Amino acid sequence: MKKQIEKNIKSLLHSIWKSGDMAISWTKTSIPGKRTPFFIKNKNQIDQLVFDTFCAVSLATYLTEFNRKEILPEDFKGKLHITCKPCDARSVMQLFSDMQVSEELVNLIVIQCDGIADESKLTKIMSGYVSNIEEENDRFICKGIGGTEKSVPIRDCWLDKCSDGKNCDLPYYYGYYFVGNETEYRKRISNLLHTKTDLVQDTMSPKELKKLVNKELSSCIRCNACRNVCPACFCSDRCVFEQPKVNVKYLDSEDASKNNILYHMIRFNHVAPNCTGCGECERACPMSIPLSMFYKYFNRLMWEEFEYKPGKTNSERQKLLSYHLGEDLV
Amino acid sequence: MRKRLQKQKLSSLIKKLKEDATVIAPVMTDKNEVDFLPVNSEEVILSGARSLYSPKKYIFKQSESMYDYTIQDSGKVTVKESCENEKQIIMGIRPCDLHAIEYMKEFYSGKYKDSYILRRLENSVLIGLACTEPSTNCFCTSLGNSPVDTDGSDIMMADAGSFYFVKGITEKGKKLIENNKDIFEDSQEDDERVLSDIKESCEKAILEKIDVTALKNKVGSAYNSDIWKKYSDICVNCGACTFNCPTCTCFDVADTSRSKNEGCHYRTWDTCQNFAFTLHASGHNPRSTSEERLRQRVMHKYQYTVDQMDQFSCTGCGRCTQVCPVGISMIAILKDIKEVVDNGEE
Amino acid sequence: MASKKLIYLFPCLAEKRKKVLQKIEQEYPEIKIVPIICAGRFNTDIALKLINDGADGIVVLGCEPGDCHYREGSAISERRFLLVKHTLKAFGFEEERFQALWHKPSEVKGVMNELNLFMEKLASIEQKGVEE
Ligand code: SF4
Ligand code: SF4
Ligand code: SF4
Ligand code: SF4
Ligand code: SF4
């Protein structure tokens, strides 16, 4: 069925493609189990597109980069097609409502998704070496060292967000194409358990929590991967941490772990109002730092305090940036 | 000097070594990832694929103070150079990381000597381990290296089933073996064979091979080609690849105050993928686009250090590929470069 | 460990608040006063940095939302301050360390009352920390 979806995406792109368009999608790379983003700049590249269980990278991130990069080809004059899983579509919605990218520019293609696997989880299960992966129903058949075969349930490799279904809702937006069967999709996600999140912040005293945070963040190497893949962190080269000329130097102590805490505090303080909980930061982190313990807290906070779920629509302004006199405060 | 170390003796060796040095070895972290950490004895993992994190951080620290200063009330300033003299023994270093340390040693002892790093290297004993299994992303053979290379190590170990075959390489290493000779056993004549066996089986498992050595001195000709754009488009310019690379040696220095009259001059890792890396005070940035920055990383590894030091500064460990959040693969880049170079030659 | 406390006070419209600021200086010499233009202009990152660097408490003194000289200023910041408190909480700092006080510039007694309460709270946090 996935092959069919991939085919449908391709034929959709073929049918709506006009000269001067561009598309962002995924393609294969040299590593088994990794799919890399792929910029389609002319029509005959469409057939290299790939959509399968490994398309974990959220492409919404690239919409934020128009601020700084000459991503668009010179002859671009049409639409930017972007293929998205429903969770990524919510990140795109949030970018629309934060006015980071214009709706007229983007053509959103939402794809029916059956859960996406994280290659690094599979690699861990296979203790570092996979030479070939095949998908059979709900299992991966992986070839390991010396030709050994191992069958791994796909669910064991799912991205975290795939199992609790909080991010799977389709956005309230009528301007997208849906590839796949929408009713079937809605049925699948309604069956997912919307578990109540238990957060460490609820159960731990500040002191214990401090210890945990210290421990986790002390291994952060501040590579900025979490910031740079985050679709809600859209300041790019204008980020507060990268302004040599600002009068407050935020990160300046030689004590790395203290720095790291401030780095993440400021980052989450900035993205909390528009974090859709896409989990990209945690996936990107090379040190496997459980950043979800923070963004889940803020996601819940936004909902409980402001009844605001980032990424739900293309127009709801985040409450922390807009205020009209007379409006209720919180 | 050739010896045998029975596997059950490993922990007693570590206990012994711990008496006068910190012993660092690969262990399983609570995140299910193998990392180099100070160890006690039992938990060491000397099998499987290489660790995701390299031991670079014990030689070239993520951040370290270079000198501390204090200002007395009288206005007198005293400066004290940081001088670590701790002995450390790093165990289980794979040949790729040994190559990296060797490179680092050469790099930091060029025209300007980096006394901090050289001192630390002097105080370290490096115990290598022949690689029995590659990881998915390994491509050391493409660079002319092999999974049983011993260069850079003081002592080399190789898994030979029930025991480790141990070989003293440098004087430092031989002395260490000599000091603990009751733990080791004499080796048999054909023990050395284990190295070639390991080499054969490991090399067979390595997934990718392209002859990069044939591209030596030619990579530069791809400078103006359009392959870079393909990757720089999707690169998000984080620093994950460079921070995890065992041969990335860039750092930034800065000053900080701990209190009103005390502070230090310190350095931290820096990465060429960052916009601010080459930002001038005037606001001009000679490497302002992502394309230039990505090209810099690749060119540095495969061309610039060839020009300067006549060696690649990539060991083929594949970590950059493994950690890249968007799946940019060094092998794919190298394949493209090869194509460009080959086409140019015809 | 019960050394001198490090507390920062960020008052808006400091010109008009001379009276109350003088009183604070007298009663709490350990409080460092840093005037700002408007509570809505207060950069919350600074609060995070200060607390992470070891400050015991941060107080922002602003005008009642709706009463702000710059119209929405303090109203927007009230929402943002809520976020700061939660950021602190999420990272294992006591959220009580950050406090916003909303008062008319002429008010003195109300400010002092609330400030007393705040100082008591800080003391009890410290007490708890020692006990644990
Ligand atoms: S991705 Fe991970 S290691 Fe890198 S800065 Fe973010 S938290 Fe730190
Ligand atoms: S951390 Fe803050 S300033 Fe930096 S990119 Fe994210 S939101 Fe922008
Ligand atoms: S903070 Fe993390 S979860 Fe939230 S939007 Fe950014 S990448 Fe996604
Ligand atoms: S460039 Fe990549 S493969 Fe080469 S040494 Fe660095 S991390 Fe390893
Ligand atoms: S890790 Fe990947 S995305 Fe990040 S800078 Fe390196 S190549 Fe670019």
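**Notebook: chain A contacts**

I started with the A–C interface: 40 residues of chain A are in contact (heavy atoms within 4.5 Å) with 30 residues of chain C. The model is predicted, with local features needing pLDDT of at least 70, side-chain atom pairs counted only at pLDDT 80 or more, and totals for chains, interfaces and linings using all residues. Residues are numbered from 1 along each chain as its sequence is written, chains are lettered from A in the order in which they are written, and side-chain values use heavy atoms, without hydrogens and water.

Next I looked up the area: chains A and C bury about 3,100 Å² between them (accessible area, 1.4 Å probe, lost on being put together, summed over both). Carbon and sulfur atoms carry 64% of that.

I looked for salt bridges (Lys or Arg side-chain nitrogen within 4 Å of an Asp or Glu carboxyl oxygen) and got 0 across A–C. On the chain A side, helix 9 (206–217), helix 11 (256–271) and helix 13 (292–306) each give two or more residues (helices are DSSP runs of H or I, at least four residues). Helix 11 of chain A gives the most, with 9 residues.

Then I went inside chain A, to domain 1 (2–116 + 163–189) and domain 2 (119–157); the bounds come from an automatic or database assignment. Their C-alpha centres lie 26 Å apart, and 8 residues of domain 1 are in contact with 9 of domain 2. I noted about 650 Å² buried between these two domains. Pro32(A), Thr53(A) and Phe54(A) lose the most area on the domain 1 side, together 63% of what that side buries. Salt bridges between these two domains: I found 0 here.
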